[in-house]
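Please open the structure in a viewer and keep the selection panel at hand.

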Amino acid sequence: MKEIKVLGPGCPKCEQLKKNVEQAVAASGVECNIEKITDMLKMSEYGIMITPALVVDGEVKSVGKLLSPDDIAEFLK
Amino acid sequence: MGTKCSCECGTAPTLIFSCSGAADVGEMADQAARSLTREGKGKMFCLAGIGGRVSGIMKTTEAAAKILAIDGCPLNCARKSLEEAGFKDFIHLGLADMGLKKGETTLDQTSLERVIDEATRLLKQEK
C-alpha cells in the first residue's frame with residue numbers, strides 16, 4: 001500500500017491537490033492511504049518551505065505546485 | 001475556478017545556505033545567514049539537507065525564487081555542495097573575497113554587518 005501525504009494549510013490550492021490525488025488514486029486502482037497534513041510543525045519534518053507539497057512513501061515529490069491527476073498518476077506506478 | 005489563496009502557499013522564497021564551517025569565518029557565514037533570515041531578507045536553509053539529498057529540501061530549493069550561498073573560506077564548500085546537487089543558478093558570497101581570512105577573523109558586529117550588507121546588496125542586484 002502506498003502512503004500519500006498532502007501537505008498544506010488548507011487553502012483552495014491545497015484542497016484541490018488532495019482532490020486530484022483522490023482522483024488519480026481512484027483511476028489507478030492502486031491501494032493507497034491518503035492523509036492531509038495541515039500542522040506546520042509536522043510539515044517542517046519533511047524539510048519543505050513551500051506548500052502544497054506531495055509526499056509519496058516518505059519522499060517529497062513536489063512542492064508549491066498544483067499537480068494534475070495525470071501528474072500524480074506518475075508517482076503511483 | 002475563481003478561488004483565491006490568501007495564504008502564502010506556493011510563494012517561492014529566497015533561500016540562504018551558509019557553509020557554517022568549523023572555522024571563525026564559517027561561524028561568520030552562519031551568523032550572517034541567521035541575521036539575514038531575522039531581517040526577512042531570505043530564509044536560511046539546511047546545507048546538510050542538500051548534501052544528503054533530502055527530498056523535501058531538494059524540492060524546496062528547486063522551487064526557490066533566489067538562492068544565496070555564503071562561504072567562509074576559499075574552499076567554497078557551500079557553493080560546491082549546491083553545484084554537486086545540480087544547482088547552477090545561485091548567488092555566491094565568499095567572505096575571503098571580502099578580505100576576511102580564515103583563522104584571523106573575529107566575530108565582531110562590524111565585520112558581521114559588512115557581510116550582511118554585502119549579501120543584501122547581492123540579493124538586491126540579482127533578479
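**Salt bridges**

Over all chains, the structure, which is a predicted model, holds 11 salt bridges. For one of them, select A:Lys2 and A:Asp57, whose side chains meet at 3.6 Å, N to O.

**A lysine in strand β2**

Next, select A:Lys36, which is found in strand β2 (residues 32-37) of chain A. Which backbone oxygen does the side chain of A:Lys36 reach? It is that of A:Gly8, at 3.1 Å. Then display the surroundings of A:Lys36: leaving aside neighbours within four places in sequence, this residue is in contact with A:Val6, A:Gly8, A:Pro9, A:Gly10, A:Cys14, A:Glu15 and A:Lys18.

**Two helices of chain B**

Move to chain B and select helix α1 (residues 24-38) together with helix α5 (residues 109-125). Their axes are 9 Å apart, and the helices pack at an angle of about 60 degrees; α1(B) and α5(B) are therefore oblique to each other. The crossing in which α1(B) passes α5(B) is right-handed.

Now show the side chains at this contact. From α1(B), select B:Met28, B:Gln31, B:Ala32, B:Ser35 and B:Leu36; these meet B:Ser111, B:Leu112, B:Val115, B:Ile116, B:Ala119 and B:Thr120 in α5(B). Coloured by residue class, the contact of α1(B) with α5(B) divides into 7 nonpolar, 4 polar and no charged residues.

How values were computed: Residues numbered from 1 in each chain as written. Chains lettered and ligands numbered in written order. Predicted model: local features only at pLDDT ≥ 70, side-chain atom pairs only at ≥ 80, totals over all residues. Heavy atoms only, no water. Axes fitted to C-alpha atoms, helices over the stretch in contact; angles between N-to-C directions. Helix = DSSP H or I, 4+ residues; strand = E, 2+ residues; numbered from the N terminus. Parallel < 35°, antiparallel > 145°, perpendicular 65-115°, else oblique. Left-handed = near helix turned anticlockwise from the far one by under 90°. Contact = heavy atoms within 4.5 Å. Nonpolar A, V, L, I, M, F, W, Y, C, P; charged D, E, K, R; others polar. Polar contact = N/O pair within 3.5 Å; in protein donor to acceptor, adjacent residues only side chain to side chain. Salt bridge = Lys/Arg side-chain N within 4 Å of Asp/Glu carboxyl O.
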